[in-house]
Amino acid sequence: MTDFTRSDRVAVQLRKEIAVLVHKAVRDHALPSASVSDVEVTRDLDLAKVYVTTLVSEQSGAAVKALNEMAFEFRCELWRTLKLRRAPAGSCLYDDSA
């Protein structure tokens, strides 16, 4: 049986919520199609790395740049929806493992 730490549980919840926010941002701001593949959170819950993939790999740079520019908005929305004392500061990175 595997024990999950609080940071693991928060990362799973963040992944779900950020995926919704990214989908909405792609639709509302005409960004290249992107989806969240993984989220890693530090143990102190201060920082989060959000890994995204795109359908067209040539558009990955534009998608990651646009999502990083919206990171503060995402953080505010996550703070409201997840009821965390502090939402982790996040940065988007392209996941090229696929």
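**Exercise 1. Determine where Ser33 lies and whether Ser33 is buried, partly exposed or exposed.**

*Solution.* Step 1: Ser33 has a relative accessibility of 35% and therefore counts as partly exposed; buried means under 20% relative accessible area, exposed over 50%, and partly exposed in between, with a 1.4 Å probe and protein chains only. Step 2: the residue belongs to the loop that links H1 and S1. Helices (H or I, at least four residues) and strands (E, at least two) are DSSP runs numbered from the N terminus. Step 3: setting aside residues up to four places away in sequence, Ser33 touches Val26, Thr53, Thr54 and Leu55, where contact means heavy atoms within 4.5 Å. Step 4: Ser57 stands 24 residues from Ser33 in sequence, with a C-alpha to C-alpha separation of 10 Å.

The model is predicted, with local features requiring pLDDT of at least 70, side-chain atom pairs counting only at pLDDT 80 or more, and totals for chains, interfaces and linings using all residues. Residues are numbered from 1 along each chain as its sequence is written, and side-chain values use heavy atoms, leaving out hydrogens and water.

**Exercise 2. State how confident the predictor is in the protein chain and in its elements.**

*Solution.* Step 1: pLDDT is the predictor's confidence in each residue, from 0 to 100. Step 2: the protein chain has an average pLDDT of 90, and 97% of the residues score at least 70. Step 3: confidence is highest in S2, at 95, and lowest in H3, at a mean of 91.

**Exercise 3. Identify the strands that pair with S2 and the sense of each pairing.**

*Solution.* Step 1: two strands pair if DSSP finds at least two bridges between them. Step 2: S1 (residues 34-41) pairs with S2 in the antiparallel sense over 7 bridges, and Val39 has Val50 as its bridge partner in S2. Step 3: S1 and S2 form a hairpin with 5 residues between them, and Leu45 in the turn has a positive phi of about 65°. Step 4: S2 pairs with S3 (residues 89-94) in the parallel sense over 6 bridges; the partner of Val52 in S3 is Tyr94. Step 5: S2 (residues 47-54) is mostly covered, as 6 of its 8 residues are buried.

**Exercise 4. Explain why the buried residues of H2 line one face of the helix.**

*Solution.* Step 1: the buried residues of H2 are Ser60, Ala63, Val64, Ala66 and Leu67. Step 2: seen down the axis of H2, they fall within an arc of 165°, so they line one face; the arc is that of the directions from the helix axis to the C-beta atoms. Step 3: Lys65 and Glu69 are exposed on the other side of H2. Step 4: the cover over the buried residues of H2 includes H1, S1, S2, H3 and S3. Step 5: leaving aside neighbours within four places in sequence, Leu67 is in contact with Val22, Ala25, Leu31, Ala34, Val52, Phe74 and Cys92.

**Exercise 5. Describe the largest nonpolar core.**

*Solution.* Step 1: a nonpolar core is a set of buried Ala, Val, Leu, Ile, Met, Phe, Trp, Tyr and Cys residues joined through side-chain atoms within 4.5 Å. Step 2: of the 28 residues in the largest core, Leu14, Ile18, Val22, Val39 and Leu67 touch the most other members. Step 3: the elements giving two or more residues to this core are H1 (6-29), S1, S2, H2 (60-69) and H3 (71-82). Step 4: H1 supplies the largest share, 8 residues.
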